[in-house]
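Hi,

Here is the structure I promised to pass on.

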Amino acid sequence: MVKVQIENRGIKNKSSLDAMKKVPRHKFVPSNNIENAYDDGPLPIGYGQTISQPYIVAYMTAVIDPEPGQKVLEIGTGSGYQAAVLAEIVDSVFTIEIITELYKSSEKRLKELGYKNVFCKNADGYYGWEEAAPFDAIVVTAAAEHIPPMLIEQLKVGGKMIIPVGSPFLNQTLILVEKSGEDITTNSLLPVRFVPFTRGN
């Protein structure tokens with residue numbers, strides 16, 4: 001999977017490739033879909049959500065260029081796969097999931113797999129995780145119609161956020177947000193299709 005789907009498509013970030021090799025993707029997909037765990041595409045995990053295509057997980061990880069010693073926020077835990085990949089590299093991952101059933105199952109799965117540096121929360125990710133901020137990087141795994149201002153606030157100076165922006169199920173673009181002092185820069189990276197960013201009532 002890593003060689004054919006990721007490395008051969010141009011991803012060279014060593015820490016991202018190493019993390020993708022270490023995390024057993026089949027542990028993060030529903031048992032009825034386990035034979036497809038290493039396929040080149042997203043898979044449904046229930047509740048209208050998906051585990052992202054391996055290439056996209058590796059790409060988003062490589063773009064934020066995570067390093068040991070860092071603290072990363074993830075919005076949209078889903079199955080916990082992206083959080084596990086990040087946890088192989090950085091010191092701590094704070095991950096938020098709004099769907100209670102997915103939050104419970106991913107928290108249990110991550111604990112069982114020995115990820116002691118992943119902290120899970122059942123909440124609306126739009127507001128981030130203020131008590132744990134600021135973060136070296138933020139990874140958003142659902143498409144928002146705009147970049148949530150609270151997430152920009154919770155990003156460290158010099159930090160990076162990667163987020164899909166666009167209408168649900170229509171054209172979306174993966175955006176890299178970088179914070180330098182008071183300046184915020186955004187760069188469009190590639191077209192994507194993510195499930196919509198679910199909000200609380």
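First, the ground rules. This is a predicted model, where local features need pLDDT of at least 70 and side-chain atom pairs count only at pLDDT 80 or more, while totals for chains, interfaces and linings use all residues. Residues are numbered from 1 along each chain as its sequence is written, and side-chain values use heavy atoms, with hydrogens and water left out.

Start with helix H3, residues 54-64. Helices (H or I, at least four residues) and strands (E, at least two) are DSSP runs, numbered from the N terminus. H3 is mostly covered, with 11 of its 11 residues buried; buried is under 20% relative accessible area, exposed is over 50%, and partly exposed is in between (1.4 Å probe, protein chains only). Among those buried residues are Tyr55, Ala58, Tyr59 and Ala62. Just after H3, aspartate 65 has a positive phi of about 50°.

If we skip neighbours within four places in sequence, isoleucine 11 is in contact (heavy atoms within 4.5 Å) with Ile6, Leu17, Tyr55, Ala58, Tyr59 and Ala62.

Now the largest pocket, which holds about 570 Å³ of space. Of the 36 residues lining it, Thr50, Ser52, Thr141, Phe194 and Val195 are the closest to its centre. For the method: on a 1 Å grid over the protein atoms alone, a pocket is an open set of points where a 1.4 Å probe fits, with protein on both sides within 12 Å along at least five of seven lines, and lining residues have an atom within 4 Å of a point. Grid points are joined across faces, edges and corners, and the volume is the space filled by probe spheres set on the points. H3 gives the most to the lining of the largest pocket, with 4 residues. That lining divides into 21 nonpolar, 12 polar and 3 charged residues; Ala, Val, Leu, Ile, Met, Phe, Trp, Tyr, Cys and Pro count as nonpolar, Asp, Glu, Lys and Arg as charged, and the others, Gly among them, as polar.

Last, the salt bridges (a side-chain nitrogen of Lys or Arg within 4 Å of a carboxyl oxygen of Asp or Glu). The count is 5. One of them pairs aspartate 40 with arginine 9, with the closest N and O atoms 2.4 Å apart. Aspartate 40 sits in the loop between helix H2 (14-22) and strand E1 (43-46) and arginine 9 in the loop between helix H1 (2-6) and H2, so the bridge ties together parts 31 residues apart in sequence. Aspartate 40 is partly exposed at 37% relative accessibility, and arginine 9 is partly exposed at 39%.

Lysine 156 and aspartate 136 form another, at 3.2 Å from N to O. This pair links strand E7 (residues 155-166) to strand E6 (residues 135-140), 20 residues apart.

Cheers
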